[in-house]
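Let's go through how to read a few features of a model, one question at a time.

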Amino acid sequence: MDDEAITIRLTRDQAFVLSDWLYQVMFRSDDLEGIVRDRAVWSPIYAISGTLDKTLSEIFMPDYGPRLEAAKERLRADLHRGADEPPAQGADG
(Lines give C-alpha, C1' and ligand atoms only; values in the text may rest on other atoms or scores of the structure.)
Protein backbone atom coordinates (compact mmCIF):
# COMPACT_ATOMS: atom_id res chain seq x y z
CA MET A 1 0.00 0.00 0.00
CA ASP A 2 1.33 3.40 -0.96
CA ASP A 3 0.87 5.90 1.89
CA GLU A 4 2.54 8.81 0.12
CA ALA A 5 0.59 11.99 0.90
CA ILE A 6 -1.15 13.90 -1.87
CA THR A 7 -1.42 17.67 -1.84
CA ILE A 8 -4.56 19.34 -3.17
CA ARG A 9 -4.42 23.08 -3.75
CA LEU A 10 -7.54 25.18 -3.34
CA THR A 11 -8.05 28.90 -3.16
CA ARG A 12 -9.27 30.15 0.19
CA ASP A 13 -12.72 30.74 -1.31
CA GLN A 14 -12.81 27.20 -2.72
CA ALA A 15 -11.75 25.76 0.62
CA PHE A 16 -14.32 27.82 2.53
CA VAL A 17 -17.21 26.87 0.24
CA LEU A 18 -16.18 23.21 0.19
CA SER A 19 -15.88 23.18 3.97
CA ASP A 20 -19.40 24.55 4.35
CA TRP A 21 -20.80 22.02 1.85
CA LEU A 22 -19.08 19.13 3.60
CA TYR A 23 -20.43 20.33 6.94
CA GLN A 24 -23.97 20.56 5.53
CA VAL A 25 -23.78 17.06 4.02
CA MET A 26 -21.99 15.35 6.89
CA PHE A 27 -23.52 16.94 9.97
CA ARG A 28 -26.56 19.07 9.20
CA SER A 29 -28.40 16.88 6.71
CA ASP A 30 -27.01 13.56 7.97
CA ASP A 31 -27.18 12.45 4.33
CA LEU A 32 -23.59 11.44 3.64
CA GLU A 33 -24.68 7.84 3.19
CA GLY A 34 -27.30 8.89 0.65
CA ILE A 35 -24.77 10.87 -1.38
CA VAL A 36 -21.71 8.65 -0.97
CA ARG A 37 -22.76 5.03 -0.82
CA ASP A 38 -19.27 3.50 -0.68
CA ARG A 39 -18.05 3.92 2.90
CA ALA A 40 -14.43 3.66 1.72
CA VAL A 41 -14.88 7.15 0.26
CA TRP A 42 -15.84 8.49 3.68
CA SER A 43 -12.24 8.25 4.92
CA PRO A 44 -10.85 10.84 2.49
CA ILE A 45 -13.97 12.98 2.92
CA TYR A 46 -13.42 13.10 6.68
CA ALA A 47 -9.70 13.80 6.16
CA ILE A 48 -10.43 16.72 3.82
CA SER A 49 -13.11 18.09 6.12
CA GLY A 50 -10.85 17.89 9.17
CA THR A 51 -7.99 19.59 7.35
CA LEU A 52 -10.26 22.40 6.21
CA ASP A 53 -11.66 22.85 9.72
CA LYS A 54 -8.15 23.19 11.14
CA THR A 55 -7.03 25.58 8.39
CA LEU A 56 -9.92 28.00 7.95
CA SER A 57 -10.35 30.73 10.55
CA GLU A 58 -13.45 31.94 8.66
CA ILE A 59 -15.57 29.11 10.03
CA PHE A 60 -15.29 30.60 13.53
CA MET A 61 -15.99 34.24 12.61
CA PRO A 62 -19.25 35.92 13.63
CA ASP A 63 -19.89 37.08 10.04
CA TYR A 64 -19.65 33.53 8.66
CA GLY A 65 -22.80 33.80 6.52
CA PRO A 66 -21.88 37.00 4.66
CA ARG A 67 -18.30 35.78 4.17
CA LEU A 68 -19.56 32.49 2.76
CA GLU A 69 -21.95 34.20 0.35
CA ALA A 70 -19.20 36.56 -0.82
CA ALA A 71 -16.87 33.60 -1.44
CA LYS A 72 -19.60 31.80 -3.40
CA GLU A 73 -20.24 34.87 -5.53
CA ARG A 74 -16.54 35.23 -6.34
CA LEU A 75 -16.34 31.57 -7.33
CA ARG A 76 -19.45 31.86 -9.50
CA ALA A 77 -18.00 34.96 -11.18
CA ASP A 78 -14.72 33.12 -11.80
CA LEU A 79 -16.61 30.21 -13.38
CA HIS A 80 -18.62 32.57 -15.54
CA ARG A 81 -15.48 34.40 -16.68
CA GLY A 82 -13.83 31.07 -17.45
CA ALA A 83 -16.77 30.03 -19.62
CA ASP A 84 -16.32 33.16 -21.75
CA GLU A 85 -12.64 32.49 -22.42
CA PRO A 86 -11.54 30.39 -25.39
CA PRO A 87 -10.03 27.00 -24.47
CA ALA A 88 -6.28 27.06 -23.93
CA GLN A 89 -4.34 25.54 -26.77
CA GLY A 90 -2.17 22.57 -25.96
CA ALA A 91 1.41 21.99 -27.04
CA ASP A 92 0.17 20.44 -30.28
CA GLY A 93 -1.97 23.34 -31.41
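**Reading the model**

Q: Where does aspartate 13 lie?
A: Helices here are DSSP runs of H or I with at least four residues, strands are runs of E with at least two, and both are numbered from the N terminus. Aspartate 13 sits in helix 1, residues 12-28. Bear in mind that this is a predicted model, where local features need pLDDT of at least 70, side-chain atom pairs count only at pLDDT 80 or more, and totals for chains, interfaces and linings use all residues. Residues are numbered from 1 along each chain as its sequence is written, and side-chain values use heavy atoms, with hydrogens and water left out.

Q: Is aspartate 13 buried or exposed?
A: Buried means under 20% relative accessible area, exposed means over 50%, and partly exposed is in between (1.4 Å probe, protein chains only). Aspartate 13 has a relative accessible area of 18%, so it counts as buried. Leucine 10, in the segment before helix 1, is partly exposed at 40%. Across the 93 residues of the protein, 22% count as buried.

Q: Which residues is aspartate 13 in contact with, leaving aside neighbours within four places in sequence?
A: Contact means heavy atoms within 4.5 Å. With those neighbours set aside, aspartate 13 touches Ala71, Arg74 and Leu75. For the protein, take contacts between residues at least 6 apart in sequence: 60% of them join residues at least 24 apart.

Q: How many helices and strands are there in the protein?
A: You'll find four helices and zero strands, which reads as α-α-α-α along the sequence.
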